[in-house]
Amino acid sequence: MKTIDITQDSEYLQQYVDLRNLNHKFLYTGLVTLGETKEWLNRTKVFIVGLVEDKLYGIGVIYPQKCNEVAIFSSPERLGLGGLILNAVELKARKEGLKRLFAWTKSSSKTFLRKGYTLQGESIKEYQGERIRGNYFFKELR
Ligand SMILES: CC(C)(COP(=O)(O)OP(=O)(O)OC[C@H]1O[C@@H](n2cnc3c(N)ncnc32)[C@H](O)[C@@H]1OP(=O)(O)O)[C@@H](O)C(=O)NCCC(=O)NCCS
C-alpha cells in the first residue's frame, strides 16, 4: 500500500469524499459533496494523507487550525489500517515541522494508544443535539 497526498492528487478526491461520508457518523460530522470539498480545500490549510492500493482504503487528516487535530477513517475496519494511517500522519506531520498532534475519539482509543498517543482525559462533543463523551489524546513529536 502506498501513501498519497490527497490535496495534490485529484484522482482520489471523489473516493476521499465517499470514504468520509461512509464514516461521517463516527466522525460526528455531516455529509459533504465533491464540490464543497474542493471549495473547502481551496480556502483551508489542511493535510490529508491516503493509503492506496487498487483504491483508497484509509485516510488521515491533520487540521492545523484546530491545534493539529487528527482524524482517521478507513474501510474496511479491523485490518490494522488505523495503525498504518497513523504512521503516515506522523510522517507528514514531521515533514511539515509540527511539534504536537491532538486527537479525540469515542471508540478508537486503542489505535491511538498503540501508536504512542497519551491519554489526556475525557471531553464532550455536541453532535445532532446529543452529548458524546470521548477521550482526547496528545502526541509530542520529537
Ligand atoms: C479508526 C479506524 C481507522 C481504525 O482502523 P482499524 O484498522 O480498525 O484499527 P487498528 O489498526 O488499531 O486495528 C484494530 C484491530 O484490528 C485487529 N486486526 C485484525 N487484523 C489485523 C492486522 N492484519 N493487523 C493489525 N491489526 C489487525 C487488531 O487486533 C485490532 O484489534 P483491537 O483494537 O481489538 O486490539 C477505523 O476503525 C475507522 O475507520 N473507524 C471509523 C472512524 C473513526 O471512528 N475514527 C476515529 C476518530 S478520528
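Which residues have the most contacts inside the largest nonpolar core? In this predicted model, local features need pLDDT of at least 70 and side-chain atom pairs count only at pLDDT 80 or more, while totals for chains, interfaces and linings use all residues. Residues are numbered from 1 along each chain as its sequence is written.

A nonpolar core is a set of buried Ala, Val, Leu, Ile, Met, Phe, Trp, Tyr and Cys residues joined through C-beta atoms within 7 Å. Buried means that 20 or more other C-beta atoms lie within 10 Å of a residue's own, exposed means 12 or fewer, and partly exposed lies in between, with C-beta atoms placed from the backbone. The largest core has 26 residues, and Ile 48, Ile 59, Val 70, Ile 72, Ile 85, Val 89 and Ala 103 have the most contacts inside it. At least two core residues each come from α1 (13-22), β2 (47-52), β3 (56-63), β4, α4 and β5 (100-105); helices (H or I, at least four residues) and strands (E, at least two) are DSSP runs, numbered from the N terminus. With six residues, α4 gives the largest share of this core. In soluble globular proteins, nonpolar side chains tend to be buried together.

Now for the backbone. Most residues other than glycine have a negative phi, and most peptide bonds are trans. The bond from Ser 75 to Pro 76, however, is cis, with omega near 0°. Pro 76 sits in the loop between β4 and α4, and Arg 78 is also found in the loop between β4 and α4. Arg 78 has a positive phi, near 60°, and is exposed, with 7 C-beta neighbours inside 10 Å.
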